[in-house]
Structures are given as structure tokens and as C-alpha cells.
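Dear colleague,

Please find below the structure that I am handing over to you, followed by an account of what was found in it.

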Amino acid sequence: MPPTYEKVLTEREFERLIEGTYRIDSPNESLEARAAVLIGGRLGMRPGEVTHLDSSWIDWKRQMIRVPSHDQCTKGRNGGLCGYCRQAVQKQVSSSEQGANELRQQYWQPKTDAAARVIPFHFSSRVHVTLEYLDREHDGWPYSFSTLQRRLRSALDRAPELKPGSTSPHGLRATAASYHAGRGLDMPALRSMFGWRDIETAKQYMNLDGSRTRRALSSIH
């Protein structure tokens with residue numbers, strides 16, 4: 001099972017989480033929380049991808065997000081690297097032949113080469129609307145990873161029947177994988193959408209909650 005298995009939400013739980021975003025008092029924070037939940041839980045973007053999402057990534061005509069292989073991070077103090085990217089650089093300094101300054105120039109970059117990909121969003125009007133909001137108001141996701149976590153936490157605190165630790169930013173990505181696999185997205189497409197290196201990771205989600213088995217039984221009975 002995927003390591004985030006316990007953080008995967010069912011479709012009913014996911015709708016409860018969306019409901020929680022509407023219960024946040026601040027209109028802007030409510031919209032931002034909904035964006036975080038939908039982009040993570042339906043598009044399956046990694047937290048680091050969400051926090052670096054820029055309007056230039058969005059292809060409105062084709063309704064796709066193009067995650068680039070490199071996008072210079074300017075989301076930190078005075079236009080420098082954000083905390084997420086600084087930590088990534090620090091992890092590599094000791095094991096890389098490159099110097100810290102050279103490594104800083106490489107961030108932001110996706111987790112792997114396969115993670116530079118195209119993610120369609122035409123299937124969800126809710127995702128489309130929330131991307132329009134981010135594009136219009138902020139030119140993308142405007143905040144740090146810690147703010148992403150806070151917005152999700154606020155939604156969880158207000159979501160009916162969900163516990164505060166029911167999911168996480170990485171759990172939302174796993175929720176998206178389970179959702180699309182359960183609806184019949186095949187392994188090559190799932191691998192491509194989520195930016196996994198190998199097909200084995202996709203296989204882990206193919207029948208995570210029994211949705212595929214249920215659909216197969218329905219087709220013969």
C-alpha cells in the first residue's frame with residue numbers, strides 16, 4: 001500500500017472537506033483553502049508544485065497545467081528562495097559536487113524528471129473556477145508551504161465528520177490518485193498525470209478502495 005494510504009479520503013469524505021472550506025469565515029481564506037483541497041485532491045499536484053504554481057503554467061485554451069522542469073523561485077523574502085526550496089538546497093549541499101549558489105539557481109524544480117508533466121483539468125468545473133481565482137487574484141498560488149498546511153487544517157477543523165488529521169497535503173495527492181484510478185484511468189495515464197517514474201507506483205492505486213471491483217461487477221450484473 002502507498003505510505004499515505006491512511007490519509008486517503010473517500011469521495012464522501014472529500015465532499016465533507018470541501019464543505020469545511022465554505023465554513024471558513026474569511027472569504028479569501030475560504031477560497032484559498034478550497035483551491036488547496038481541489039488542486040491537491042483532484043489534480044494530484046505535490047505540495048511543492050502547488051506552492052510554486054504560477055499563472056504561466058496554466059494553458060487555458062487546452063485546460064491543462066504544464067509543470068515545468070525549472071521555474072526560478074522568488075517566493076521567499078526579498079524575492080529569494082522560499083523555505084521549501086532553501087531546505088531542498090541544504091539537503092543536497094553535502095552530497096553534491098555543486099556549490100550552494102549553483103544549486104540555488106536550480107530551484108524551484110520538480111521532484112523528478114517525470115514530474116515535469118501536463119495535468120488536464122477539463123474534467124472539473126470546480127477546479128477550473130478555483131484556478132481562475134488564483135490566476136486573477138494572485139497570478140498563481142501566492143503563499144508558502146506552511147500557509148498551504150494552515151488552509152488545509154482550517155478546512156479539516158470545520159469539516160463535518162472528519163478528524164483534524166484525516167488527511168494532509170500528501171494525503172490529498174494520494175486521494176486524487178485513488179479517485180482517478182477508481183474511475184477507470186489506466187496505469188499509463190495515471191503514471192503520466194501524477195509524474196511517477198515507474199508503473200509500480202500507479203499499480204498501488206488501481207483498486208485502493210474497491211472502486212474498480214465495484215464498477216466491474218456492476219458491468220456484468
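In which loop is Asp139 found? Asp139 sits in the loop between H6 and H7; helices (H or I, at least four residues) and strands (E, at least two) are DSSP runs, numbered from the N terminus. This is a predicted model, in which local features need pLDDT of at least 70 and side-chain atom pairs count only at pLDDT 80 or more, while totals for chains, interfaces and linings use all residues. Residues are numbered from 1 along each chain as its sequence is written, and side-chain values use heavy atoms, with hydrogens and water left out.

Backbone

Most residues other than glycine have a negative phi, and most peptide bonds are trans. Asn78 is not a glycine either, and has a positive phi of about 55 degrees. Asn78 belongs to the loop between strand S2 (64-66) and H4. With a relative accessibility of 79%, Asn78 counts as exposed (exposed means over 50% relative accessible area, buried under 20% and partly exposed in between, with a 1.4 Å probe and protein chains only). A cis peptide bond, with omega about 15 degrees, joins Tyr107 and Trp108. Trp108 lies in the loop between helix H5 (100-104) and strand S3 (118-120).

Not counting residues up to four places away in sequence, the contacts of Ile65 (contact means heavy atoms within 4.5 Å) include Leu43, Trp57, Phe121 and Leu131.

H6 has 14 residues and reaches 20 Å from its first C-alpha to its last, close to the 20 Å expected at 1.5 Å a residue (the expected span is 1.5 Å times one less than the number of residues). Its buried residues are Val127, His128, Thr130, Leu131, Tyr133 and Leu134, and what covers them includes H2, strand S1 (58-59) and S2.

The 14 residues of H7 should likewise span 20 Å at 1.5 Å a residue, and its end C-alpha atoms are 20 Å apart, which agrees. Thr147, Leu148, Arg151, Leu152, Ser154, Ala155 and Leu156 are the buried residues of H7; they pack against H1, H2, H3 and H8.

Arg151, in helix H7, counts as buried because its relative accessibility is 11%. Leaving aside residues up to four places away in sequence, Arg151 touches Ile24, Glu29, Glu32, Ala33, Trp141 and Tyr143. Glu29 is found in helix H2 and, at 32% relative accessibility, counts as partly exposed. The C-alpha atoms of Glu29 and Ser154 are separated by 9.0 Å, although these residues are 125 residues apart along the chain.

Pocket and cavity

Grid points are joined across faces, edges and corners, and a volume is the space filled by probe spheres set on the points.

The largest pocket holds about 720 Å³ of space. Its lining comprises 27 residues, of which Arg46, Lys111, Thr112, His170 and Arg173 lie nearest its centre. Helix H3 (47-51), H4 and H8 are the elements that give two or more residues to this lining.

There is one cavity of 30 Å³ or more, and the largest cavity has a volume of about 50 Å³. Ala36, Gly40, Met45, Pro47, Val50, Leu148, Leu152, Pro169 and Leu172 line this cavity, with H2, H3, H7 and H8 each supplying at least two residues.

With kind regards

Note on methods: 1 Å grid on protein atoms, 1.4 Å probe; cavity = no way out; pocket = protein on both sides within 12 Å on 5 of 7 lines; lining within 4 Å.
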